Amino acid sequence: MLHHVSIGVIDLQRSGAFYDAAMGALGHVRVWVDETAIGWGEPGGGDKLAIKLRSGAHAPGAGFHLAFTAPSREAVHAFHAAALANGGRDNGAPGLRAHYGPHYYAAFVIDPDGYAIEAVINEISA
């Protein structure tokens, strides 16, 4: 349903490094960059996530989060580790979330600007 999502950040370099690591763990790469924004997506494709430099940017309040599809449980772990190593805060270690479904495997972090993000795989073969 969604084509892409853009979020405002206060430090493009800091957030760019964070998302390079976190999105890279899920197989996404920078697909474009300019002086005030960066976009990530599948190699050779368009952006699915963009960060845009905005003074005074802040994350929405409780209840808002972005969930990114992970290709494997290993990628969920890599996402969590990469995010924490690059300025993110833990918001839920990798693991099954049976209350979401018997195969819902996810990790949750808070990015450097306060956005709640998640990596998830929800497959029987996971």
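A pocket is defined, on a 1 Å grid over the protein atoms alone, as an open set of points where a 1.4 Å probe fits, with protein on both sides within 12 Å along at least five of seven lines; its lining residues have an atom within 4 Å of a point. Volume is the space filled by probe spheres set on the points, which are joined across faces, edges and corners. The model is predicted, with local features requiring pLDDT of at least 70 and side-chain atom pairs pLDDT 80 or more, whereas totals for chains, interfaces and linings use all residues. Residues are numbered from 1 along each chain as its sequence is written, and side-chain values use heavy atoms, without hydrogens and water.

The largest pocket has a volume of about 310 Å³. Its lining comprises 15 residues, with V5, K48, L49, A67 and F68 nearest the centre. Eight of the lining residues are nonpolar (Ala, Val, Leu, Ile, Met, Phe, Trp, Tyr, Cys or Pro), two are charged (Asp, Glu, Lys or Arg) and five are polar (the others, Gly among them). Strands are DSSP runs of E of at least two residues, numbered from the N terminus. At least two lining residues come from each of β3 (37-41) and β5 (66-69), and β5 supplies the largest share, four residues.

Four strands form an open sheet of mixed pairing in the order β1-β4-β3-β2, where pairing requires at least two DSSP bridges between two strands. β1 (5-9) and β2 (29-34) are the edge strands, each pairing on one side only. β1 pairs in the parallel sense with β4 (residues 49-53) over five bridges. Within this pairing, V5 has L49 of β4 as its bridge partner; both V5 and L49 are among the residues nearest the pocket centre.
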